[in-house]
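I opened a notebook on this structure to look up a few things. The entries follow in the order in which I made them.

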Amino acid sequence: MNARNTERGAWGSRFGFILAAAGSAIGLGNIWRFPYVTGNNGGAAFVIIYFAFVILIGLPVMIAELSLGRRTARNPVGAFAQLAPRSFWPAVGMLGVLTGLGILSYYGVIAGWTLGYFLKAVCGGFSADMSYIQSSEIFAQFVADPLQAVGLLFVFIALTGIVVKGGVSGGIERWAKILMPLLFVLLLLLTLRSVTLENAAAGLTFYLKPDFSKVTVNTLGNALGQALFSLSLGMGAMITYGSYISKRDNLVTSAAYVCLFDTLIAVIAGLMIFPALFSQNIPPAGGPGLVFETLPILFNQMPGGMLFGAGFFLLLTVAALTSTISLLEVVVAYLVDEWKWKRNTAVWMMALVAFALGIPSALSQNGSAFFTRLPIIHMGFLDLFNILLGNYSLTLGALLIALFVAFRWGIHQANQEITQMGQIFYGKTAWSILIRFLCPIAILGIFVYILLTRNYF
Ligand code: PHE
């Protein structure tokens with residue numbers, strides 16, 4: 001164990017860290033969000049731009065976050081405060097902590113739906129010859145039930161609290177080691193089923209054959225937002241996870257593994273979803289309800305479908321859990337480090353706050369007329385939070401983190417941290433160019449554009 005970290009906790013092994021960080025990155029973002037964002041943005045061309053952003057922006061920013069965390073062994077606020085005391089920079093960490101709590105609140109709602117759908121599938125709640133219209137209705141009714149939505153949110157946040165309470169290696173790492181391999185196996189099984197369906201080829205063509213005439217600046221904005229969200233960047237989750245890494249471990253290869261696994265799972269999720277959609281003649285641009293509305297039909301039409309259905313929603317629940325863990329951990333680490341709260345107290349108090357904050361989102365799907373269509377902006381509460389926090393705040397956070405590491409803390413310091421104990425920094429020059437020039441300029445450009453066009457709305 002890393003001596004400096006003993007009271008805070010530390011990862012038991014490098015492999016354990018990679019799984020936990022991959023667990024944070026891999027979540028609803030990959031399996032629920034990536035396919036519908038890809039569907040809405042025209043398919044393969046979007047996927048290619050997404051890859052480019054993961055490599056050119058996601059990976060460099062992840063290395064920056066991990067090195068900030070490991071250098072300071074602190075939560076996001078403490079990390080900035082230590083490297084730039086008496087400046088506004090700790091506020092960037094605070095933005096991250098609040099963003100984490102906010103994302104947890106609405107993410108927990110969607111995660112609750114997946115848990116509910118898992119239970120529904122186990123209980124045989126989907127009839128065998130459902131049409132797309134019927135399954136859309138079932139979904140709409142399901143999410144509109146206020147007590148159920150709030151109850152599932154409660155259960156999910158409680159599950160998250162139980163794992164986080166166990167601490168870094170005894171809770172988060174231990175569970176990641178069990179849950180992540182399980183997820184991978186389930187995903188592969190479902191993908192095999194999907195690509196062998198009738199008419200699977202049409203889905204694969206949509207997903208894999210690019211048509212660049214569909215690319216606009218909006219596509220770029222959506223690809224960047226998706227990359228940051230999916231890799232858990234821009235709010236200090238990776239600063240926090242980095243703070244538990246041993247000085248002996250290689251940050252750069254670890255970051256590369258996390259990006260690789262995250263992208264791999266998203267790509268496989270696409271291979272699972274699109275053939276299934278096309279085999280049912282369901283339009284790919286179905287929006288956020290996509291997996292909930294379309295997959296139950298598919299499951300019902302295959303032998304052992306209920307088992308696959310239950311398996312899929314279990315998988316989504318597992319993936320979501322390893323992500324909500326990291327969202328809660330950021331806030332908990334902040335309270336433990338900076339305010340000397342007991343871990344236990346911090347976990348349950350913040351779980352309670354996230355739950356309360358999540359109630360408006362849980363009621364925003366027709367559970368309450370007010371939260372379903374907020375006055376003035378005329379949108380649902382969950383959508384509002386998702387756009388403000390999941391898109392704008394993460395983009396702003398990633399921009400500020402890149403600027404901080406590049407120009408305030410400095411490339412030289414970061415290099416020193418990364419090459420601790422004789423570690424080799426593969427791609428050092430490329431990284432310093434990307435983090436100083438390409439990342440800030442590209443993120444700022446896209447951010448200004450989406451602000452002006454309100455593209456995320
Ligand atoms: N990366 C997670 C996902 O793809 C979501 C997340 C975002 C988790 C930000 C932590 C921080 O589902």
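Entry one, a salt bridge. I looked up glutamate 417 and found it in a salt bridge with arginine 70, with the closest N and O atoms 2.8 Å apart. I took a salt bridge to be a side-chain nitrogen of Lys or Arg within 4 Å of a carboxyl oxygen of Asp or Glu. The two partners are 347 residues apart: glutamate 417 sits in helix H17 (residues 381-418) and arginine 70 in helix H3 (residues 44-72). Helices here are DSSP runs of H or I with at least four residues, strands are runs of E with at least two, and both are numbered from the N terminus. I noted both glutamate 417 and arginine 70 as buried, where buried means under 20% relative accessible area with a 1.4 Å probe, protein chains only.

Before going on, I wrote down the source. The model is predicted, so local features need pLDDT of at least 70 and side-chain atom pairs count only at pLDDT 80 or more, while totals for chains, interfaces and linings use all residues. Residues are numbered from 1 along each chain as its sequence is written, and side-chain values use heavy atoms, with hydrogens and water left out.

Entry two, the neighbour in sequence. Arginine 71 also forms a salt bridge with glutamate 417, and the closest N and O atoms are 2.9 Å apart. Arginine 71 belongs to helix H3 and glutamate 417 to helix H17, so this pair ties together parts 346 residues apart in sequence. I found arginine 71 buried, as is glutamate 417.

Glutamate 329 and arginine 343 meet in a salt bridge of 2.5 Å, N to O. Glutamate 329 is in helix H14 (residues 305-339) and arginine 343 in helix H15 (residues 343-362), so the pair ties together parts 14 residues apart in sequence. Glutamate 329 is buried, and its relative accessible area is 0%. I then looked for shared partners: Arg70, Arg71, Lys247 and Glu417 are joined by salt bridges into one network. My search of the whole structure gave 6 salt bridges.

Entry four, the whole chain. I counted 18 helices and 0 strands. Of the 457 residues, 61% are buried. Of the contacts with a separation of 6 or more, 82% come from residues 24 or more positions apart; a contact means heavy atoms within 4.5 Å. Along its principal axes, the C-alpha trace spans about 60 × 50 × 45 Å.

How values were computed
Buried means under 20% relative accessible area, exposed over 50%, partly exposed in between (1.4 Å probe, protein chains only).
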